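Happy to walk through some charged side-chain contacts with you. Have a look at the sequence and structure first.

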Amino acid sequence: MISVKDAIELVRNNCKPLLKEVIMPLTKSGNYRLYKDVYSPIDMPPFRQSAMDGYALNTYKESSYKLVGEIKAGDNLSPVLKAGEALRVFTGSPVPDTANTVIMQENVSVHKDVIRIESEIRDDQNIRPKGEQVKKGDLALKKDTKLTPAAIGYLTSLGITEVSVYKKPSIALVTTGNELIVPGQPLLYGQIYESNSIMLQNALYDLKFYDITIYKIEDDYDKTYGTLKDAISRKDLVIISGGISVGDYDFVGKALKAIGVEDVFYKVKQKPGKPLFFGKKDETKIFALPGNPAAALTCFYIYVYMALQKMMDRDTVELPKTQAISNSSFKKAGNRPQFLKGIYKDGKVTILEGQSSAMLQTFALSNALAFVPEDVENINLNDTVEVILLPV
Ligand code: AMP
Ligand code: MG
């Protein structure tokens with residue numbers, strides 16, 4: 001049995017960025033990172049543009065100009081201005097090459113077809129030069145840039161519709177247990193509704209991982225072996241729930257061994273989640289989480305979360321932690337470090353009743369896990385405790 005600290009370090013050191021490329025529509029690429037540099041296919045802006053509602057001038061020495069026409073945004077016009085002539089223009093209008101400045105309309109008085117400029121006339125004012133943001137063929141965004149809404153908007157403005165991005169891990173969620181049935185049908189004696197797959201799928205969705213396949217297997221060695229072998233050969237990450245403990249019908253450990261999965265660790269000195277397994281085969285990482293739902297979700301946030309962040313090459317790979325004042329007292333049973341479900345608010349944490357690893361009711365109310373280290377026996381009112389903030 002290894003310590004929480006060692007288990008976390010083993011996950012950190014065994015998970016590497018997934019350097020696989022995938023091409024996808026720009027519209028679907030939010031939150032991915034660019035796999036390659038992107039070069040602009042056009043000049044942006046594509047033509048000289050007015051940055052103001054006003055008047056474009058071909059300047060000369062006087063301050064009165066002859067108004068000879070109008071160009072609206074979207075007009076496909078490029079009239080030739082002579083010195084002393086002006087065009088009515090608007091924000092986004094094309095500005096012909098023969099205009100050398102735009103005066104904002106607040107500084108112009110209009111008398112029929114003669115306008116008077118009431119401010120200083122300087123060249124190149126209020127005109128966005130062609131290619132001012134980026135020129136055709138120049139680097140638009142560097143490799144590794146995160147596709148934020150702004151980045152997606154920018155690439156869309158360049159007319160780009162597809163991008164090459166780092167692939168997010170493909171994930172298998174595997175549940176085990178003869179007792180598990182799908183909600184929607186009545187429970188027979190001895191059965192329970194299978195909830196871990198939907199719970200973990202939603203935890204993954206929250207973190208923006210969508211490439212998820214769910215497998216459900218009975219407590220049968222051959223089925224466990226066959227399904228796990230297939231999932232491990234296809235997916236980047238396999239998350240199993242249940243069947244990893246020491247019962248006669250827990251076949252996951254035996255099957256993983258037979259498949260040739262390297263055991264990085266099995267069993268962590270912690271509560272909940274003692275029978276946690278982490279291993280790897282080729283490029284695939286495998287977690288076998290305990291079947292008890294609250295233990296499975298705790299292990300997901302402490303260990304699987306980190307594996308996912310490492311695979312995504314993120315700078316921050318752990319959930320945020322903070323110190324909080326305890327609003328409650330808690331008596332630890334046994335000497336294993338504990339992750340306690342609680343509610344964190346304004347620097348204080350309330351540790352909830354009902355910490356059993358079989359119960360999700362408490363977890364459903366929680367937004368944090370308070371960590372009680374091995375050497376701390378009790379938490380008293382107003383003690384300072386470390387709190388892990390959940391992404392909920
Ligand atoms: P196991 O780790 O397989 O011994 O399972 C431990 C406990 O978790 C048992 O009470 C199981 O019925 C329960 N359990 C296992 N898998 C699931 C699941 N997918 N959904 C809900 N409960 C589960
Ligand atoms: Mg089981």
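Predicted model: local features only at pLDDT ≥ 70, side-chain atom pairs only at ≥ 80, totals over all residues.

Q: How many salt bridges does the count come to?
A: A pair qualifies when a side-chain nitrogen of Lys or Arg lies within 4 Å of a carboxyl oxygen of Asp or Glu. By that rule, the count is 16.

Q: Is arginine 234 buried or exposed?
A: Arginine 234 forms a salt bridge with aspartate 230, with the closest N and O atoms 2.8 Å apart. Both sit in helix 4 (residues 221–234), four residues apart, about one turn of the helix. Aspartate 230 has a relative accessible area of 26%, so it is partly exposed. Arginine 234 has a value of 56%, and because exposed means over 50%, arginine 234 is exposed.

Q: How many residues apart are glutamate 374 and lysine 269?
A: Their side chains meet in a salt bridge at 2.7 Å, N to O. Glutamate 374 is in the loop between strand 25 (368–372) and strand 26 (378–379), while lysine 269 is in the loop between strand 18 (262–266) and strand 19 (277–281). This pair links distant parts of the chain, and the separation is 105 residues.

Q: What is the distance between the closest N and O atoms of lysine 223 and glutamate 218?
A: Lysine 223 is partly exposed at 42% relative accessible area, and glutamate 218 is partly exposed at 42% as well. The two form a salt bridge, and their closest N and O atoms are separated by 3.2 Å.

Key:
Residues numbered from 1 in each chain as written. Chains lettered and ligands numbered in written order. Heavy atoms only, no water. Buried < 20%, exposed > 50% of the residue type's maximum accessible area, 1.4 Å probe, protein only. Helix = DSSP H or I, 4+ residues; strand = E, 2+ residues; numbered from the N terminus.
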